[in-house]
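Student: Please take one part of this model and look at it closely. I would like the charged side-chain pairs, then the strands around them.

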Amino acid sequence: MPLENILQSIEQRKAAETERIAARFEEQMRLLEKETERRIQDIAATSARQSAEECRSLENMELSNAEIEARKLVWEKRTELVEEMLAKAFDFMKEIRSSKSYKKMMTDMVGLAVQKLGEGCTVRVNSSDAPLIKGVKGVKIKTEEVDPYGGLIAESRDGSMEIDLTITTMMKDLRDSLSLELFERIGAK
């Protein structure tokens, strides 16, 4: 349950940041749509002047190509904006170590590790994070560079099971779901 609270907190922060970015994106999309309309009109007008002697089917084909190009431009811009939004969300996660709630997050992660792996499990953390969980009963603390952004890796007493609760792993796990949600919010089909 504590990890769920942590993930819920991260999701809430992500949702707030996503809404802010989505509002900015919507404004940029309006401008992009105007520019796209202008480009479509320019391409259509040029095509009409150049192909006045050509048959109607050739003209329709050119307009169709222009629409495809415009859609391609819109798609590329949407993809670029999604990547930008993801980068901002992950930048926030990369800085979680400096947040006030990081110590509680770490102790909750240790509690989850003990719950899932049993007492006597080994918790590997960065040396800078070890003081945050020092004194927690039921675990052996081992310091090594597990993740540049924080978190921990826990291993059962017998070494048969491992839980990776590093920030990098959480970012990887969230990437697909965040990408899908962002594309849905900006209307990509």
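**Salt bridges and strand pairing**

Tutor: Lys-104 and Asp-108 join their side chains in a salt bridge, 3.0 Å from N to O. Keep in mind that this is a predicted model. Both residues belong to helix α3, and because they are four residues apart, about one helical turn separates them. Their surroundings differ in class. Lys-104 is exposed, with a relative accessible area of 52%. Asp-108 is buried, at 15%. The cut-offs matter here: buried means under 20% and exposed means over 50%.

The structure holds six salt bridges. Another one joins the side chains of Glu-27 and Arg-30, at 2.6 Å from N to O. These two residues lie three apart in helix α1 (residues 2-50), so about one helical turn separates them. Glu-27 is partly exposed, with a relative accessible area of 39%. Arg-30 is partly exposed too. Its relative accessibility is 44%.

Next, Asp-129 and Arg-97. Their side chains meet in a salt bridge at 3.0 Å, N to O. This pair links distant parts of the chain, 32 residues apart. Asp-129 sits in the loop between β1 and α4 (130-133). Arg-97 sits in the loop between α2 (56-94) and α3 (102-117). Asp-129 is buried, with a relative accessible area of 1%. Arg-97 is partly exposed, at 26%.

Charged residues also form a network. Salt bridges link Arg-124, Glu-144 and Glu-162. In general, side chains of opposite charge can pair when their charged atoms come close.

Arg-124 leads on to the strands. Arg-124 stands opposite Ile-153 in β3. Strand β1 (residues 121-125) pairs with β3 in the antiparallel sense, over four bridges. On β3 (residues 151-155), four of the five residues are buried, so the strand is mostly covered.

What joins β3 to strand β4 (residues 162-166)? Five bridges do, and the two strands run antiparallel. The hairpin of β3 and β4 has six residues between the strands. There, Gly-159 takes a positive phi near 80°.

Conventions
Residues numbered from 1 in each chain as written. Predicted model: local features only at pLDDT ≥ 70, side-chain atom pairs only at ≥ 80, totals over all residues. Heavy atoms only, no water. Buried < 20%, exposed > 50% of the residue type's maximum accessible area, 1.4 Å probe, protein only. Pairing = 2+ DSSP bridges. Salt bridge = Lys/Arg side-chain N within 4 Å of Asp/Glu carboxyl O.
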